[in-house]
Amino acid sequence: MQDPKTTPRDVKAPHGARVMEIRWADGHRSVLPHEILRGYCPCAHCQGHSGTIKYVPGGDLDLRDLQQVGNYALQFTWGDRHDTGIYTYRYLRSLCQCDDCKPSFRPPGQS
């Protein structure tokens, strides 16, 4: 059974925008600035293998392509062709920067 908190119903990533929005099955609307998405890219190149998620500044924030990976994740291709991060829906929900989530935002893997 799918968790409504991590089941997307609608993904909006308009060309030229700097924010992606996801509407979840539980009714929540996540606001995901490209700066946050790129800075917390989960790939091994950006995060290494330590297990601690860290913000990595830089990189092209132009979202060129968005692909669904199975039924569990999205993969982005950024303007500089960086495309190795697989963002699970659970991970994307944890990165939400909406007015309700942002005040208590803690990157995954950090306390």
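Buried means under 20% relative accessible area, exposed means over 50%, and partly exposed lies in between (1.4 Å probe, protein chains only). At 1% relative accessibility, tyrosine 87 therefore counts as buried. The model is predicted: local features need pLDDT of at least 70 and side-chain atom pairs count only at pLDDT 80 or more, while totals for chains, interfaces and linings use all residues. Residues are numbered from 1 along each chain as its sequence is written, and side-chain values use heavy atoms, with hydrogens and water left out.

- Helices (H or I, at least four residues) and strands (E, at least two) are DSSP runs, numbered from the N terminus.
- Two strands pair if DSSP finds at least two bridges between them.
- Strands of a sheet pair through backbone hydrogen bonds, either parallel or antiparallel.
- Three strands make an open sheet in the order E1-E2-E3, and their pairing is antiparallel.
- Strand E1 (8-12) and strand E3 (29-33) are the edge strands, and each pairs on one side only.
- From one strand to the next, the twist averages 20 degrees, where axes are lines fitted to C-alpha atoms (for helices over the stretch in contact) and angles run from 0 to 180 degrees between N-to-C directions.
- Four bridges hold the antiparallel pair E1 and E2, and proline 8 stands opposite tryptophan 24 in E2.
- The hairpin of E1 and E2 has six residues between the strands, and glycine 16 there takes a positive phi near 90 degrees.
- Strand E2 (residues 19-24) is joined to E3 by five bridges, and the two run antiparallel.
- Isoleucine 22 has serine 30 in E3 as its bridge partner, while glutamate 21 stands opposite valine 31 in E3.
- The hairpin of E2 and E3 has four residues between the strands, and glycine 27 there takes a positive phi near 95 degrees.

- The covered face of E2 holds Met20, Ile22 and Trp24, and the uncovered face holds Val19, Glu21 and Arg23.
- Valine 11 is found in strand E1 and is partly exposed, with a relative accessible area of 32%.
- Valine 11 and glutamate 21 are 10 residues apart in sequence, and their C-alpha atoms are 5.8 Å apart in space.
- Not counting residues up to four places away in sequence, valine 11 touches Met20, Glu21, Ile22, Leu66 and Leu74; contact means heavy atoms within 4.5 Å.

**Sheet E4-E5-E6**

- Another open sheet of three strands has the order E4-E5-E6, with antiparallel pairing.
- Strand E4 (63-69) and E6 stand at the edges with a single partner strand each, so one side of each has no neighbour in the sheet.
- The twist here averages 30 degrees from one strand to the next.
- Six bridges join E4 and E5 in the antiparallel sense, and glutamine 68 has leucine 74 in E5 as its bridge partner.

**The largest nonpolar core**

- A nonpolar core is a set of buried Ala, Val, Leu, Ile, Met, Phe, Trp, Tyr and Cys residues joined through side-chain atoms within 4.5 Å.
- In soluble globular proteins, nonpolar side chains tend to be buried together.
- The largest nonpolar core has 21 residues, of which Met20, Leu37, Phe76, Tyr87, Leu92 and Leu95 touch the most other members.
- At least two residues of this core come from each of E2, helix H1 (34-39), strand E5 (73-78) and helix H3 (89-94).
- Not counting residues up to four places away in sequence, the contacts of tyrosine 87 include Leu37, Arg38, Pro42, Leu74, Phe76, Trp78 and Leu92.

**Aromatic pairs**

- Rings of Phe, Tyr and Trp (its six-membered ring) pair if their centres lie within 6.5 Å; planes under 30 degrees apart count as stacked, over 60 as edge-to-face and the rest as tilted.
- The structure holds six aromatic pairs.
- The rings of tyrosine 40 and phenylalanine 105 have centres 5.9 Å apart and planes at 75 degrees, so this pair is edge-to-face.
- Tyrosine 40 lies in the loop between H1 and helix H2 (44-47), and phenylalanine 105 lies in the segment after H3, 65 residues apart.
- Tyrosine 40 counts as buried at 8% relative accessibility, and phenylalanine 105 counts as buried at 17%.
- Phenylalanine 76 and tyrosine 87 form an edge-to-face pair, 4.5 Å centre to centre with 65 degrees between the planes.
- Phenylalanine 76 is in strand E5 and tyrosine 87 in strand E6 (residues 86-88), 11 residues apart.
- Phenylalanine 76 counts as buried, at 1% relative accessibility.
- Ring pairs link Phe76, Trp78, Tyr87 and Tyr91 into a cluster.
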